[in-house]
2 protein chains.
Amino acid sequence: MQEIVQGLKGRNKTVGFVPTMGALHEGHLSLIRKARKENDFVVVSIFVNPIQFGPAEDFSRYPRPIKQDIHLCREENVDFLFYPTGNQMYPLGFKTYVAVEQLSDVLCGAARRGHFRGVTTVVCKLFNIVQPDSAYFGQKDAQQAIIIQRMVKDLNMPIRIRVMPIVRHKSGLALSSRNIYLNEKERRDALCLSAALKFAKDLIKSGERNCQIIIKKLREFIESKKTARIEYVSIVDLNNLKPIERITDKCLIALAVRIGKTRLIDNILIKTYDISRG
Amino acid sequence: MQEIVQGLKGRNKTVGFVPTMGALHEGHLSLIRKARKENDFVVVSIFVNPIQFGPAEDFSRYPRPIKQDIHLCREENVDFLFYPTGNQMYPLGFKTYVAVEQLSDVLCGAARRGHFRGVTTVVCKLFNIVQPDSAYFGQKDAQQAIIIQRMVKDLNMPIRIRVMPIVRHKSGLALSSRNIYLNEKERRDALCLSAALKFAKDLIKSGERNCQIIIKKLREFIESKKTARIEYVSIVDLNNLKPIERITDKCLIALAVRIGKTRLIDNILIKTYDISRG
């Protein structure tokens, strides 16, 4: 992969990169299409990264429909699919980690210890292998996108990070490879995540600025679903992911909720525009 | 710097890189000359990296003879000197670190907590900025060289690491920017480091294989100098830097000794050749 890309670079071609864990859905495809539009060559990687899963998490049962993924990549005119094994990425003796402090310890990082260190380490490796001009991530994983932007800036990586909007089912449910874990009832209950975020935005538009009050209302809203167990509901500053008390500028509302045994996340960016209309 | 190098890369030129903390001596110059020989362009960086110094260490008094360094770089036909400020390398909000586990916690890393994390972080940044084909390090900092080789391999950096032999004064003293801290008497006492390593090699050549015995003799040898205080004397495996009990294959003998207030290090590689002659 590295040799191929260095050949392209020698010919001054631009490379767009979409790193994924496979089980591709319309969210991934939106990233691939953007990469296709903006670059001479498009590289997709599929790697279910063991070091970003905790011991009690779903590494082994994470979906791996590789044939379907290859088919989708072909349909989207992806030029190269990078599909390494665990041993190729982490051979015996591997001991180097990339960590973004503070940002990795909050929100999803509080419950998933070591998760983001696993993410930044594998993304750093993939960036060195693929050497893209631009790399594409989904706003669905908002914290991940912010952490990777921080890593790229801090480590002076010559890569442009593009973060693309969340793709949702028409019901409002944010697309996720983990949605296949949901049964029919859970899938209905899972709509409380996106509905809660819409509710929050409406509250803000109608003038509410107190985060404690907004969070309380969101928690009540979500907890009205029997299968829902909240992990966190947070309103945070976009730069440091620290909780804010009042909404005075753009910010991120993020939540993680278990629906049955399935952990789902969703988020919404509140823009200056939304606030000024309040 | 990054733009300049990307321009060179676009023209398929090779770049050799010598990262330094300045106060250049013949050791650095041997690296620069090797880089000059092997590459189309040579980049030298001078940056006294604050995050690799502990709070009680010599960051503020570390020598910074920049005019002399620039002169030396010109004399050696260095193409680019990269000389950033602390704020440019670590702007407000910086929070990403690269760490090589285990290897960073032993030998010099045991006494200098966080030192090697500072080294790997800055070297990762410099590699991303300079994007060299080859980077040159001195065997004098043997542990640093091993850790950087590990980082480059683990993070798939497309860079060849070249480690060049220790350059010594004719007295045997390994060249170091910190030698200027020594007064005349200390400079004589400091010869015990290189003499001890020569002594160890002779012991091995004469058939001694027991590391405990070799280390005991080296300690006695060094402690015969009044100004010398040993930090460590270790015989380690080259791959994992773990202490070995018997010498059966090539290995590293490394030591750190304070001469007065000045901390000095030195080391010797024992090769299969040295052992087979025993």
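Me: What makes Glu38(A) and Arg162(A) a salt bridge?

Reply: Keep in mind that this is a predicted model. The closest N and O atoms of Glu38(A) and Arg162(A) are 2.4 Å apart. The cut-off for an Arg nitrogen and a Glu carboxyl oxygen is within 4 Å, so the pair counts as a salt bridge.

Me: Which parts does that pair tie together?

Reply: Glu38(A) sits in helix 2 (residues 26-38) of chain A, and Arg162(A) sits in strand 6 (residues 160-164) of chain A, so the link joins parts 124 residues apart in sequence. Over all chains, a search of the whole structure turns up 35 salt bridges.

Me: How many salt bridges are there between chain B and chain A?

Reply: The count there is two. One of them pairs Arg117(B) with Glu101(A), with the closest N and O atoms 2.9 Å apart. Again the limit is within 4 Å, so this pair qualifies too.

Me: And how much area is buried between chain B and chain A?

Reply: About 2500 Å², with carbon and sulfur atoms giving 48% of that. The contact takes 30 residues from chain B and 30 residues from chain A.

Me: Now the helices. Why are helix 9 of chain A and helix 10 of chain A called roughly antiparallel?

Reply: Look at the angle. The axes of helix 9 (residues 191-205) of chain A and helix 10 (residues 211-223) of chain A come within 10 Å and cross at roughly 150 degrees. Angles over 145 count as roughly antiparallel, and therefore the two helices get that name. The crossing of helix 9 of chain A and helix 10 of chain A is right-handed.

Me: Which residues of helix 9 of chain A and helix 10 of chain A meet?

Reply: From helix 9 of chain A they include Cys192(A), Phe199(A) and Leu203(A), and from helix 10 of chain A they include Ile214(A), Lys217(A) and Phe221(A). By class, this contact of helix 9 of chain A with helix 10 of chain A has eleven nonpolar, no polar and one charged residues. Lys counts as charged, so Lys217(A) is the charged one.

Me: What is the angle between helix 9 of chain B and helix 10 of chain B?

Reply: Their axes cross at roughly 150 degrees and come within 10 Å. That makes helix 9 of chain B roughly antiparallel to helix 10 of chain B. The crossing of helix 9 of chain B and helix 10 of chain B is right-handed.

Me: What makes helix 6 of chain A oblique to helix 7 of chain A?

Reply: The axes of helix 6 (residues 115-130) of chain A and helix 7 (residues 142-154) of chain A cross at roughly 55 degrees. Roughly parallel needs under 35 degrees and roughly perpendicular needs 65 to 115, so helix 6 of chain A is oblique to helix 7 of chain A. The crossing of helix 6 of chain A and helix 7 of chain A is right-handed. Among the residues in this contact are Phe116(A) and Thr120(A) of helix 6 of chain A, plus Gln143(A) and Met151(A) of helix 7 of chain A. The contact of helix 6 of chain A with helix 7 of chain A divides into nine nonpolar, three polar and no charged residues.

Key: Residues numbered from 1 in each chain as written. Chains lettered and ligands numbered in written order. Predicted model: local features only at pLDDT ≥ 70, side-chain atom pairs only at ≥ 80, totals over all residues. Heavy atoms only, no water. Axes fitted to C-alpha atoms, helices over the stretch in contact; angles between N-to-C directions. Helix = DSSP H or I, 4+ residues; strand = E, 2+ residues; numbered from the N terminus. Left-handed = near helix turned anticlockwise from the far one by under 90°. Contact = heavy atoms within 4.5 Å. Buried area = accessible area lost by both parts, 1.4 Å probe. Salt bridge = Lys/Arg side-chain N within 4 Å of Asp/Glu carboxyl O.
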